[in-house]
Amino acid sequence: MIFSTIFSYYLTLKRRKKLGFDNETLNKILELQEVDRVLFSFKAKLKKLPDEMEERKKKIKEIEEKIKTEEEEIKVIEKEIKSLTLDLEEEEEKIKKFSKDLMNVKTNEEYRACLKEIEFAKKRKNEIEEEILERMEKLEEKKKIFKEQKGKLEEEIKKEKKVLEDLEREIKEIPQKIKEAEDLRKRRAYVIPAHALEEYERILNGRGFPVACEIEISDEKGEKKFFCSGCHSQIPFLTVDEIIKTEKTARCHNCGRIIFVKKDKL
Ligand SMILES: [Zn+2]
């Protein structure tokens with residue numbers, strides 16, 4: 001007699017469990033799930049942030065390198081111009097010197113030699129002048145382009161640094177936010193009936209987020225179809241009908257997650 005009473009109690013419990021959770025429990029589960037969603041996103045972010053920060057730092061360095069390279073190239077041309085100017089002065093000095101010598105030469109041979117030197121120096125001077133001109137044009141063009149570029153690049157650096165600062169602040173703040181969410185999670189889990197919480201944790205550990213899924217409804221030419229928003233498999237109409245009639249949650253036949261319908265969506 002006692003056994004049969006216990007057995008029938010067991011069956012009632014089993015049936016109740018099978019019938020799913022009532023609205024009140026579902027709402028508590030959804031509140032817990034909401035904290036978990038926040039908690040997971042914080043944890044995922046915390047994991048992702050160091051790489052993202054590294055990426056930003058790399059980008060800033062690359063832009064700075066670009067500016068530096070351009071500035072160095074400009075300096076090289078300026079140095080070349082300076083060195084060529086010295087060469088030019090040297091050739092001018094030579095012309096002056098040999099022209100003076102020309103007045104004092106004694107022989108025809110010396111005279112010819114002097115003329116040759118002057119001619120050579122003049123030729124060299126012309127060549128150097130050409131080279132200087134060419135480099136000056138190049139320098140002017142480069143400076144013009146760089147001036148426009150530098151402004152944009154510096155603006156880009158500023159932007160990247162601002163993002164990096166935000167990320168650095170975020171990485172410092174997240175652990176505290178996780179702690180707060182975990183505290184809230186404890187409070188929300190506390191009010192959920194033990195067997196429901198156990199089921200929730202079991203699905204969460206086995207299937208992953210989300211645990212409770214609202215049924216998605218698609219209307220194809222007047223024919224309604226229902227889908228689990230967790231695994232996207234189709235849900236039989238009978239299951240949906242049962243959810244509506246019993247006003248309780250059910251389980252997805254495919255993934256086992258808790259499924260529910262919002263009345264206003266029907
Ligand atoms: Zn499913």
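User: Which two strands form a hairpin with Lys221 in the turn?

Analyst: This is a predicted model, in which local features need pLDDT of at least 70 and side-chain atom pairs count only at pLDDT 80 or more, while totals for chains, interfaces and linings use all residues. Residues are numbered from 1 along each chain as its sequence is written. Helices (H or I, at least four residues) and strands (E, at least two) are DSSP runs, numbered from the N terminus. Here β1 and β2 form the hairpin, with 2 residues between them, and Lys221 in the turn has a positive phi of about 50 degrees.

User: How do strands pair, and in which sense do β1 and β2 pair?

Analyst: Strands of a sheet pair through backbone hydrogen bonds, either parallel or antiparallel. Two strands count as paired if DSSP finds at least two bridges between them. In this structure β1 (residues 212-220) and β2 (residues 223-228) pair in the antiparallel sense over 6 bridges, and Ile217 has Phe226 in β2 as its bridge partner. Phe226 also stands opposite Ile235 in β3, and β2 and β3 pair in the antiparallel sense over 2 bridges. These two strands form a hairpin with 5 residues between them, where His232 in the turn has a positive phi of about 65 degrees.

User: What is the order of the strands in the open sheet?

Analyst: The order of the 5 strands is β3-β2-β1-β5-β4, and the pairing is mixed. The edge strands, each pairing on one side only, are β3 (234-235) and β4 (250-251). Helix α2 packs on the sheet and touches β1 and β5, where contact means that C-beta atoms, placed from the backbone, lie within 7 Å.

User: Which residues of helix α4 are buried, and which are exposed?

Analyst: A residue is buried if 20 or more other C-beta atoms lie within 10 Å of its own, exposed if 12 or fewer, and partly exposed in between. In α4, which runs over residues 194-207, the buried residues are Ala196, Glu199, Tyr200 and Ile203. They lie on the same side of α4 because they cover an arc of only 100 degrees around the axis, the arc being that of the directions from the helix axis to the C-beta atoms. On the other side, Ala194, Glu198, Arg202, Asn205 and Gly206 are exposed. The cover over the buried residues includes α2 (23-104) and β5 (258-260).

User: How many other C-beta atoms lie within 10 Å of Glu64?

Analyst: Glu64, which is in helix α2, is partly exposed because it has 13 other C-beta atoms within 10 Å.

Definitions and conventions. The expected span of a helix is 1.5 Å times one less than its number of residues. Two residues are in contact if their C-beta atoms, placed from the backbone, lie within 7 Å. Axes are lines fitted to C-alpha atoms, for helices over the stretch in contact, and angles run from 0 to 180 degrees between N-to-C directions.
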